[in-house]
Amino acid sequence: MVPFLDLKQQYLGIREEIIEAVTRTLDSGAFILGPEVAAFEEEFRVFTGTEYVIGTSSGTTALQLALLSMGIQPGDEVITVPHTFVATVAAILYVGAKPVLVDIDPKTYTLDPEKVRAAITPKTRCIMPVHLYGQVADMDPILDIANEFGLVILEDAAQAHAATYKGRKAGSLGNSAGFSFYPGKNLGACGEGGAIATNDPEVARKARMLRDWGQEKKYHHEVVGFNARLEAVQAAVLRVKLNYLAGWTANRRAVATRYANELTGLNHVTLPKVAEYGEHSFHIYPVLVKDRPGFMSYLQEQGVGSGIHYPFAVHQLNGYKHLGYLDGDFPEAERVAAQCVSLPMFPEMTSEMVDKVVVAVRAYDQSQG
Ligand SMILES: Cc1ncc(COP(=O)(O)O)c(C=O)c1O
């Protein structure tokens with residue numbers, strides 16, 4: 001069986017180092033924030049090419065605190081996409097702002113810059129592109145619009161560690177960015193974790209305060225903050241894994257290159273397009289098929305696992321119907337949500353595993369005529 005994802009394989013490959021790092025941290029007695037978190041923040045700051053990194057308890061709290069730190073308030077409008085994990089939209093709702101959805105580009109599956117302008121109102125304060133699947137949104141036109149209208153940009157880089165746009169790292173392109181270290185992410189903790197990256201010292205100062213009960217000095221609570229701190233053990237694990245991230249990303253890209261080369265000319269399976277402006281980090285390798293259940297069960301019979309990211313656009317979900325959008329409002333997001341299937345993609349995939357996926361996908365395509 002080729003699994004969709006194999007986290008245990010990755011862990012076993014670096015087990016000694018992880019155990020050493022976790023033991024060192026536990027022995028230190030500093031369990032939350034402290035030197036491990038500070039060291040990870042510095043190393044991830046260098047990795048992303050930003051001025052400040054603030055570790056948080058999850059990717060969701062990173063987005064929420066980034067919005068608050070940039071001054072987003074109840075009643076403000078934040079533009080984002082309907083084709084994403086719900087956390088993007090939930091973070092906007094958590095700060096009392098209004099999510100305004102804009103359809104995705106049919107080629108990159110990320111925010112379509114051409115559709116942003118029409119969604120801007122006097123209440124718009126922020127644009128939140130999502131670098132979905134590990135592909136950075138087309139940032140230059142988005143930055144131009146933000147400059148023109150005086151808006152801030154929060155990158156949802158939860159899936160895009162190590163992805164680039166015109167030579168610059170995801171997370172370094174807007175006013176701030178949120179990363180997730182959920183275990184299945186390209187850089188994943190052994191539990192929950194996230195980070196805010198920014199070049200703005202004031203955003204960094206506020207985010208640091210907000211994640212730790214609104215205090216800059218112990219017991220001097222300047223604002224009503226949150227318990228949204230990164231745990232030391234997670235930081236220790238992330239420091240080990242960060243050393244491997246470039247190599248793991250190269251492996252993902254090599255798998256994607258094989259898929260792209262060996263799955264050409266199919267009639268019933270559409271491969272993802274990689275924009276010329278950047279380097280994809282292939283958190284997910286999504287293909288589109290008309291008969292998703294048929295395709296997935298065919299793969300399963302051939303011993304190939306798969307996933308769906310994500311089966312519904314956010315506005316189609318019961319918890320988000322109150323946003324007031326209807327089926328049909330975002331044709332591209334709805335089409336991708338209805339047809340996407342994620343092929344196996346992880347750095348430890350062997351050549352034989354890729355062979356097996358390629359054979360199964362080609363055979364499915366032929367069986368459809
Ligand atoms: C696009 C996107 N945004 C935000 C999040 C939230 O991150 P977390 O699960 O760490 O809270 C995730 C991952 O779950 C995600 O994929």
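Arg24 and Glu20 sit four residues apart in helix H2, about one turn of the helix; helices here are DSSP runs of H or I with at least four residues, numbered from the N terminus. The two side chains form a salt bridge, with 3.7 Å between the closest N and O atoms (a salt bridge being a side-chain nitrogen of Lys or Arg within 4 Å of a carboxyl oxygen of Asp or Glu). Arg24 is partly exposed at 35% relative accessible area, and so is Glu20 at 47% (buried is under 20%, exposed over 50%, partly exposed in between, with a 1.4 Å probe and protein chains only). The model is predicted, so local features need pLDDT of at least 70 and side-chain atom pairs 80 or more, while totals for chains, interfaces and linings use all residues. Residues are numbered from 1 along each chain as its sequence is written, and side-chain values use heavy atoms, leaving out hydrogens and water.

Elsewhere, Glu41 and Arg208 meet in a salt bridge at 3.3 Å, N to O. That pair links distant parts of the chain, with Glu41 in helix H3 (residues 34-48) and Arg208 in helix H8 (residues 201-211), 167 residues apart. Glu41 counts as buried at 7% relative accessibility, whereas Arg208 is partly exposed at 32%.

Asp76 pairs with Arg125 in another salt bridge, the closest N and O atoms being 3.4 Å apart. Here Asp76 is buried, at 12% relative accessibility, and Arg125 is partly exposed, at 29%. Salt bridges with shared partners also tie Glu20, Arg24, Glu36, Glu43 and Arg239 into one network. By this rule, the count of salt bridges comes to 20.

How values were computed:
Helices (H or I, at least four residues) and strands (E, at least two) are DSSP runs, numbered from the N terminus.
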